Amino acid sequence: MRSSTHLALLCAAPLLATLCSASAAAQAPPDPTVRLLQQLADAPGPPGAEEPVRALMAPRMKAASDRLQYDGLGSVIAQQGSTGPRIMVDAHMDELGGMVRRITPNGFLTMQMLGGWLDQALPDQRWIILGSKGPVHAVTGIRDIHVLPADDRTKVFPRDSLMLDVGAHTTAEAAALGLSPGDPVVPDAPFTDMNGTGNYLGKAWDDRIGCAALIAAMERTAQAPHPNQIFYVATVQEEIGLRGARTAAQLVKPDIGIALEGGIVGDTPGSHPEETQATLGGGPGIFLYDSSALANRKVVALVKKTAAAKNIPLQLDLVQGYGDDSAEMQLSNGGTPTVNIVVPVRYTHAHNGIVNRQDFDRTVDLLVALLQSLDATTVQQLRDFTPATP
Ligand SMILES: [Zn+2]
């Protein structure tokens, strides 16, 4: 599995693309959905350096749309249909990561973290640095227990005390590997099918699981006529402030916004039901509250009705300390009804997360049914705040 990550990274280099696609096809899982999930999870794409993810997304989005455009930050906007309500379906391409800040005289590198990392998630992890000469393997070191004072053994070491070790001994040796300040850094945690349980282990499910749902849904709606203009948008820089969603929504001017995200779950030891009620395998979820947005109540009612009609279990969640692209869509175009639809993820914002295949499939089913339920009349009702007359 280590080689597959290496392969995905090398494939970002144009000269090797042909060779890589041939090798990858030979090793790829036979199920096209698993193949898509693996490709997306393994692709390196921290905020502002989403190129490898965009290279996967854009061709698939172009093939299933009438028009493809990019915003000025790098988000991909694919349009299906040219008349009817403007529906924006959004997933973000970036993942948690970092940037090289400095190379020290003894060849270590300090790192600027990008996105919401826990300090305790950072030591003793493998990383890939996307240097100018290609991928460089790195590890965040850990203090050795044989010399650590007893009082320090249960402490969390702050991120500023961590260094990336690339095996170099001097600044010059690190520079010779093609490393310099600003180089993107991503977790090194290859996709793994979890023992036939229907669960998949990997990095970056936030939000590559949303990216995969976006692709799967748009390929289905491309084959089924709908009376809407659907703008499928793969955004950039969500993890550092929803920046791509803001600029993309300025172009799309949505009437309705649907964010596709990785949710969180409360079914692991130590979780508390007041934090989240969702479970892995419990079906797609919607967020009724998060710290960035309130879902539109009429859209929530429509999602509930759609899920019930399709016999899809729907998890309802209220989560503090969570923001998503629906917040930017909501504040665009004079105010836009939105909802955040999630595929539950165990262990977000860490090297190793878990998603469930049935949750994914049901999320796509729900999204497609929801999109097919929208037309000019429905959207007008969703956007109508006129008090009912007695
Ligand atoms: Zn996310």
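I looked up where helix 8 meets helix 10: Leu-302, Val-303, Thr-306 and Ala-307 in helix 8 touch Leu-366, Ala-369 and Leu-370 in helix 10. Contact here means C-beta atoms, placed from the backbone, within 7 Å. Helices are DSSP runs (H or I, at least four residues), numbered from the N terminus. I sorted the residues of this contact into 6 nonpolar, 1 polar and no charged; Ala, Val, Leu, Ile, Met, Phe, Trp, Tyr, Cys and Pro count as nonpolar, Asp, Glu, Lys and Arg as charged, and the others, Gly among them, as polar.

The model is predicted; local features need pLDDT of at least 70, side-chain atom pairs count only at pLDDT 80 or more, and totals for chains, interfaces and linings use all residues. Residues are numbered from 1 along each chain as its sequence is written.

I then took the geometry of helix 8 (residues 297-309) and helix 10 (residues 357-372): an angle of about 115°, with axes 9 Å apart. Axes are lines fitted to C-alpha atoms, for helices over the stretch in contact, and angles run from 0 to 180 degrees between N-to-C directions.

Next I looked at helix 3 (residues 32-42), which packs against helix 6 at about 140°, the axes 9 Å apart. Helix 3 is therefore oblique to helix 6 (under 35 degrees is roughly parallel, over 145 roughly antiparallel, 65 to 115 roughly perpendicular, the rest oblique). Leu-36, Leu-37, Leu-40 and Ala-41 of helix 3 meet Trp-205, Arg-208, Cys-211, Ala-212 and Ile-215 of helix 6.

Last, I checked Ala-213. Not counting residues up to four places away in sequence, Ala-213 touches Ala-91, Leu-260, Val-343, Phe-360, Thr-363, Val-364 and Leu-367.

Conventions: Helix = DSSP H or I, 4+ residues; strand = E, 2+ residues; numbered from the N terminus. Contact = placed C-beta atoms within 7 Å.
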